[in-house]
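The structure is shown below.

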Amino acid sequence: MKKVRNLLEITDFSIEEIDQLIHLALDIIDKPQKYAESCKGKKLATLFYEPSTRTRLSFTAAMMELGGNVLGFSDAAASSVSKGEVVADTVRVVECFADIIAMRHNKEGAPWVASQHISIPVINAGDGGHCHPTQTLTDLLTIYREKGCFENLTIGFCGDLLYGRTVHSLSKAMKRYKGVKFVFISPKELRIPEYLKADILRDGCQFVETENLEEVMPQLDVLYMTRVQKERFDSEEDYNRLKDSFILDLNKLHNAPKDMIILHPLPRVNEIAYDVDCDSRACYFKQVLNGKYIRMALIYTLLKWKSEGVEAKADDFTKGEPCDNPRCISHTEEVCPLYHTTEDGLKHCIYCDKALK
Ligand code: NCD
């Protein structure tokens with residue numbers, strides 16, 4: 001089977017390809033009419049096994065503005081999944097009806113499994129607590145439009161860095177740019193996973209971890225707030241204890257740089273007070289609109305590559321022991337445990353990225 005180009009994780013695209021996507025999105029913003037029929041006759045299937053507002057609607061709006069059509073489901077309970085159908089079968093069926101798929105799933109690695117069974121492009125629209133590459137494209141377009149570049153920025157991630165998949169993908173994207181520094185602000189229990197810290201160090205970037213947002217505020221070019229991911233917690237007690245860890249309000253911004261930007265993938269719960277919305281640094285609603293444009297650029301590009309026969313690089317993996325991450329798709333789908341090995345010899349599950357002990 002031909003391996004088409006997908007977007008399963010942000011690193012599937014080189015920084016040059018991301019740059020092309022950003023410039024395509026800027027051209028779409030500038031000349032929407034030029035693209036109004038560019039996906040005429042094409043269909044996007046949105047397969048959403050987990051709740052979503054922005055991501056699904058922005059995929060839908062993006063395909064409509066490219067002149068294409070959209071089909072799919074927004075609730076797994078209303079699809080054959082409720083009868084016990086596996087992802088591999090569902091996507092083989094969907095491939096008969098659609099040209100490209102955007103999938104959100106609660107199991108980590110589900111879009112990767114999907115991509116192994118079909119020859120139409122698969123876009124990961126968020127898989128469990130693992131990653132969310134199209135939110136990252138949205139974040140990157142916003143940073144580019146607001147700050148003009150990615151190099152030498154200091155980005156503070158605040159909130160649930162353990163389960164916040166948008167943080168995982170954005171840190172993987174930003175560590176590829178020169179001079180980028182990370183400040184991870186979270187309670188100890190919600191620190192960013194070790195494998196991501198190892199990745200950052202391997203790429204020669206610097207990071208610090210802290211529990212004090214106000215102390216680090218003056219250093220930040222970008223403050224990326226996140227909600228505590230209630231649905232990923234095993235215990236409600238733990239969630240209740242951690243849910244109010246960081247609440248950004250105007251008082252806390254007193255020592256923030258005047259040109260710092262505040263991002264949030266949304267939805268917010270209480271981690272940004274409403275009074276911050278009027279501050280000129282608040283960019284989270286601009287971010288939503290950028291999400292539509294960059295998804296237009298992505299759909300356009302993946303379909304163009306497919307029609308030109310552009311192929312993905314072969315995956316490099318070896319078989320191993322079953323993964324011990326309970327949220328990994330390898331526990332619910334009949335798949336072989338597969339691992340890729342990093343330069344420092346660590347084996348990571350191909351589906352969910354969890355490092356093998
Ligand atoms: C995020 C997600 O689903 O991971 N939302 C989004 O897609 N914009 C963030 C979140 O749910 O907290």
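## Basis of the model

This is a predicted model, in which local features need pLDDT of at least 70 and side-chain atom pairs count only at pLDDT 80 or more, while totals for chains, interfaces and linings use all residues. Residues are numbered from 1 along each chain as its sequence is written, and side-chain values use heavy atoms, with hydrogens and water left out.

## Ligand shell

The shell around the ligand consists of Arg-54, Thr-55, Arg-104, His-132, Gln-135, Arg-165, Thr-166, Arg-227, Gln-229, Pro-265, Leu-266 and Pro-267. Three of these residues are nonpolar, five polar and four charged (Ala, Val, Leu, Ile, Met, Phe, Trp, Tyr, Cys and Pro count as nonpolar, Asp, Glu, Lys and Arg as charged, and the others, Gly among them, as polar). Helix 2 (54-65) and helix 6 (165-174) each contribute at least two shell residues; helices are DSSP runs of H or I with at least four residues, and strands are runs of E with at least two, numbered from the N terminus.

## Polar contacts

Polar contacts are pairs of N or O atoms within 3.5 Å. Oxygen atoms of the ligand lie 2.7 Å from a side-chain N or O atom of His-132, 2.7 Å from a polar side-chain atom of Arg-165 and 2.8 Å from one of Gln-229. The protein covers 94% of the 310 Å² of accessible area that the ligand has on its own (Shrake-Rupley method, 1.4 Å probe).

## Backbone features

Most residues other than glycine have a negative phi, and most peptide bonds are trans. Leu-266 and Pro-267 are joined by a cis peptide bond, with omega about 5 degrees; Pro-267 lies in the loop between strand 9 (261-263) and helix 10. Asn-152, which is not a glycine, has a positive phi of about 60 degrees and belongs to the loop between helix 5 (133-147) and strand 5 (154-158).

Note on methods: A residue is near a molecule or strand if one of its heavy atoms lies within 4 Å of it. A polar contact is a pair of N or O atoms within 3.5 Å; within protein, one must be able to donate a hydrogen and the other to accept it, and residues adjacent in sequence count only if both atoms are side-chain atoms.
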